[in-house]
Amino acid sequence: MSRPDVSAQRTAEILAAATETFARLGLGTARMEDVAAAAGVSKGTLYLYFKSKDALVAALLQALFAPLTEALTLLDGAGTAEDRLTRYISATLALLEGLQSRISLVFDAFALAPRNEAVRQLMADHLHAYHAALVRTLEHGVASGEFRPVDTAQVAALLMALFDGLLQMAAVDPEAAALRTRGRGALRFVLDAIRRPPGRSA
């Protein structure tokens, strides 16, 4: 039996420590020394795994956004467009609720993006994939007659803005935001607005 990859395991441990540290101190404020102390390694050892703070931040954000990006595959699954959107939003809201203790990292990432090209590119790639997947699903609904003809790019942007706004509310007041309940309500509101009335031909 091969020996476990200690390096990979240690990398995961350092990322976990970095996530906790950056969520507590902020992406701009936390230092590599802080992460090293939280991970129980020397600063020199930390640099063996991540050559700079920027590299560590990029790896941390990739790990943070990976489940959200993976959830986009639900939009290309089976069922009607409404089924796909409902499954995706339910899964994403559950993921976001699980991120509550680290949600500050998401907002820090948006703030850092204009000054850090690696972070900006990572955020842009995620948002472009998110928007494109929503557009594909909405276009499927329009083509099948499930939704009335709409500007799918605009509706996709509206959905993204709605959920980003709810996420901000949840960061400030989780109870008032009631993320999962309000998120499903927001989706129903949009679907009711674009759904083709029964008996109306395409």
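## The nonpolar core

Start with the largest nonpolar core: it has 62 residues, and among them Phe22 and Leu61 touch the most other members. Here a nonpolar core is a set of buried Ala, Val, Leu, Ile, Met, Phe, Trp, Tyr and Cys residues joined through side-chain atoms within 4.5 Å, and buried means under 20% relative accessible area, with exposed over 50% and partly exposed in between (1.4 Å probe, protein chains only). The elements that give two or more residues to this core are α1 (6-25), α2 (32-39), α4 (53-71), α5 (81-98), α6 (103-112), α7 (117-143), α8 (152-172) and α10 (179-194). The top contributor is α4, with nine residues. Since domain 1 (1-50) and domain 2 (58-196) both supply residues, the core lies between them.

Keep in mind that this is a predicted model, where local features need pLDDT of at least 70, side-chain atom pairs count only at pLDDT 80 or more, and totals for chains, interfaces and linings use all residues. Residues are numbered from 1 along each chain as its sequence is written, and side-chain values use heavy atoms, with hydrogens and water left out.

## Two residues up close

Leaving aside residues up to four places away in sequence, Phe22 touches Leu27, Ala30, Val35, Lys53, Leu56, Val57, Leu60, Leu105 and Asp108. Contact here means heavy atoms within 4.5 Å.

Then there's Thr92, which sits in helix α5. Thr92 is buried, at a relative accessible area of 10%. With the residues up to four places away in sequence again not counted, Thr92 touches Leu68 and Ala71.

## Overall fold

You're looking at ten helices and zero strands. These are DSSP runs, numbered from the N terminus (helices are H or I, at least four residues; strands are E, at least two). The C-alpha trace spans about 70 × 45 × 30 Å along its principal axes. Of contacts between residues at least 6 apart in sequence, 66% join residues at least 24 apart.

## Domains

The protein splits into domain 1 (1-50) and domain 2 (58-196), with bounds that come from an automatic or database domain assignment. Taken over C-alpha atoms, the two domain centres are 29 Å apart. At the contact between them, eight residues of domain 1 meet nine residues of domain 2.

## Surface and burial

Out of 202 residues, 39% count as buried. The accessible surface comes to about 10800 Å², and 57% of that belongs to carbon and sulfur atoms; the areas come from the Shrake-Rupley method with a 1.4 Å probe, and for residues only the protein chains shown count as cover.
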